[in-house]
Each structure stands twice: as C-alpha cells, then as structure tokens.
Amino acid sequence: MNSPVIWLTACAFSLVLYQSVALEHGSAVFELLTSDCPTEPVNAEAVAAPSEPECSLLCTLSGECRLSVYLTDRAVCYRLSAMPTSTGSCGSRMVARRRLLASEVTVGPSAPTSATPASSLSEASVIQNLSSNFVLWYNFKKSFKNFVNQSVYQAEPVNVTEQSPVDGVRLQGSSGSYVKVSTAEFSKYFAFGKQYSMFFQGKFSCNSVDKCISSFLDVNNPTNPTNLYIKSDGNIKARVQFTSGTYISKTWTSGCARDSVERLMSFGINFGGTDFVFNAYYNGSMINSIDTSTSVVGGNFINVHNNLLIGSCMSAAIQPFDGWLQCWALLTGNLDAAQFDQLRSACSL
C-alpha cells in the first residue's frame, strides 16, 4: 500500500491547487486510510480496474461512493456507499481511500495534509468538469476502456502488439492495425444542427502523406465517412457525413513539420451545428481555417456512424496512422481553448 509520507512528498506542491479546483468544479478529494480498512470479503460488487487511480476515478464518477477500495493482487475495485461496520488493519495488498465531504475540505495552508485528489492524473476532475459533455474518452496509456462509462463502448485493439504506459499504443501504419469501437446509433451526435467536439493526442510524424487519425464509418460502405486526418502538407482536415447525403469538410493550418521526426501533438476541433468552427486547437494554441466545402453524395448513410476506427480511414487516399496513439475524445457541445487544455493536461500527465 502507498505510504502516506511517500504520497505527500509527491503531491505536496499540488495539494492546495488540486483542492481549490475540487471545490470550484465539484471534483472529489480523497483521504488515504492507514487503519479502519474494510475486512474481506468486501460487501460490494467487484469491478476490474487496471490501477488504483482508476479505482478512485470510478468512485468519483459514482455519486453514491464514499470509499474506494483497491486490491492490488487481483486488480479489482470496490465502491462502498458508506464506511464498513467491520474494519481492520490495511494490509499491503489493499489501498483504501475515503471520499471527503465538501465540509471536510478546506483551501489554503490549513488544508488537511493527508487529503489528495481522486486521481493524481487529473482525469477525474476533467471528466467531472465536462461530465455533461463527455461521450467517449480513451487514454490508451492505461487501458482500452471508455473512462466516461467503463461499462460501454470499450475499445478493441486490432493487430496492436505494443502498449506503453508512457507513449500509449503503437500503430505501424498498416491497413489492418487500428483501434475499433462499436458505436451503433451514434448518428444522433452528428445530426445537422448538433454541436460536437473531438480531441486527439499522439506522437507521430507528418511525413508528406495524408495520415488518418480517426473515422466513423459503415465498414460495409466506407467511402463517405466522418473523419479526421493530417494532410500531406501538415494541415488538419475534418469531414462530417450526414445521413441525408450532405457532407461538410474544413481544413486548418497547423504548421506540423513535414519530416520523419515523431513529435507529441494534440489537437481538437469543434462542429457548431451547421459548419465546423473557424478556429481549431493545436498544441495549446488556436489555429485558423483555410478552406471549407459542402456537397451532397448519393447513397444510404443510415449506418455511417456505427463504427469508430482510430488509426484507420479505410481509404486508399488516406494512409493508416503510424505512430503512438495516446488519447481520443468525443464530446457534445463546443470546447474553448482552456477546456481543450484540460484534455491535453489529463492525457499528458
């Protein structure tokens, strides 16, 4: 189990800041227990969790959870709605954190030194800040689960053989290597008049080819997708396909260097309901659009958003992604630069 002393050494400088954010935006603050831990078997449903911070995150996302309990040897998480009646010592295989009530959290030098945010990676606060907007949030450095709701829309790696807690998952640029999510009925998020945002972060090169980031498509008819990709000139292009046959595309100038050096890049785009928003997010700054096009194609597009492929556009003209996938998100509504910064920070830490 993490020692309180070690934890505080790592978090001392960020503790007051995190608590201030927690009070302003409603994210959770937890206290690490060194005694009075629940005895086993824990009287709660066990949920798989790859790491202890994810267990705290799951507790944060549950309005009823007051105690997160993580068993390191089994990689399972328990979320308790109240302190257990039967308690004992906290063994080396159990990490228990009590969720503090708002009245127990203070801001400033007098803040309790044993309190720490729900997740040291800050994803808990980001998800809570944008909870009404999030549809999908993947952090491939940790898992293939949808952090917004881990019971739905889990991503499936297809011919992915390398995963790193630092860089994410590695795609080699082949047509059969990507991450897939079944997204039946997602056309409701891309209907004309609906606003949405997409965010991506990865480590890759802009090496003079059109390179796919992600695409929503009908795998049986992939020629007219909703997609996002890097053009051969280093600019970012997005396209949305409506079920009516109409599509809209827009290009933004990013300045991505056209060479073989892999660089960490993050960008986000907004669709305002009738067109893509003029400015897009790129590595902490807002960039301008350089062109927009609208047209109509014939065909049946009822299933156009039934599958999300991250790293593949199933197009001969757009090459599969080669590099490291780190994070990908879909949100309703439009984000400003500060909110995209939150996503970037959550993915980068």
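Among contacts in the chain between residues at least 6 apart in sequence, what percentage join residues at least 24 apart? The share is 71%, where a contact means heavy atoms within 4.5 Å. The structure is a predicted model, in which local features need pLDDT of at least 70 and side-chain atom pairs count only at pLDDT 80 or more, while totals for chains, interfaces and linings use all residues. Residues are numbered from 1 along each chain as its sequence is written, and side-chain values use heavy atoms, with hydrogens and water left out.

The chain holds 5 helices and 23 strands; these are DSSP runs (helices H or I, at least four residues; strands E, at least two), numbered from the N terminus. Of its 349 residues, 51% are buried, a term for under 20% relative accessible area, with exposed meaning over 50% and partly exposed lying in between (1.4 Å probe, protein chains only).

Strands count as paired if DSSP finds at least two bridges between them, and β15 has an antiparallel partner in β16 (residues 221–230), joined to it by 6 bridges. A hairpin with 2 residues connects β15 to β16, and F216 has T226 of β16 as its bridge partner. β15 also pairs with β22 (residues 307–310), again in the antiparallel sense, over 4 bridges; here S215 stands opposite L309.

Aromatic side chains come next. The whole structure contains 22 aromatic pairs, counted for rings of Phe, Tyr and Trp (its six-membered ring) with centres within 6.5 Å; planes under 30 degrees apart are stacked, over 60 edge-to-face, and the rest tilted. F186 and F216 form a stacked pair, 6.2 Å centre to centre with 25 degrees between the planes. Because F186 lies in the loop between β13 (178–182) and β14 (196–204) and F216 in strand β15, the pair ties together parts 30 residues apart in sequence. Both F186 and F216 are buried.

F192 and F242 form an edge-to-face pair, at 5.4 Å centre to centre and 75 degrees between the planes. F192 sits in the loop between β13 and β14 and F242 in the loop between β17 (236–241) and β18 (246–252), so this pair ties together parts 50 residues apart in sequence. F192 counts as exposed at 54% relative accessibility, whereas F242 is buried at 4% relative accessible area. Ring pairs link these residues into a cluster whose members include F186, F192, F216, F242, W252 and W328.
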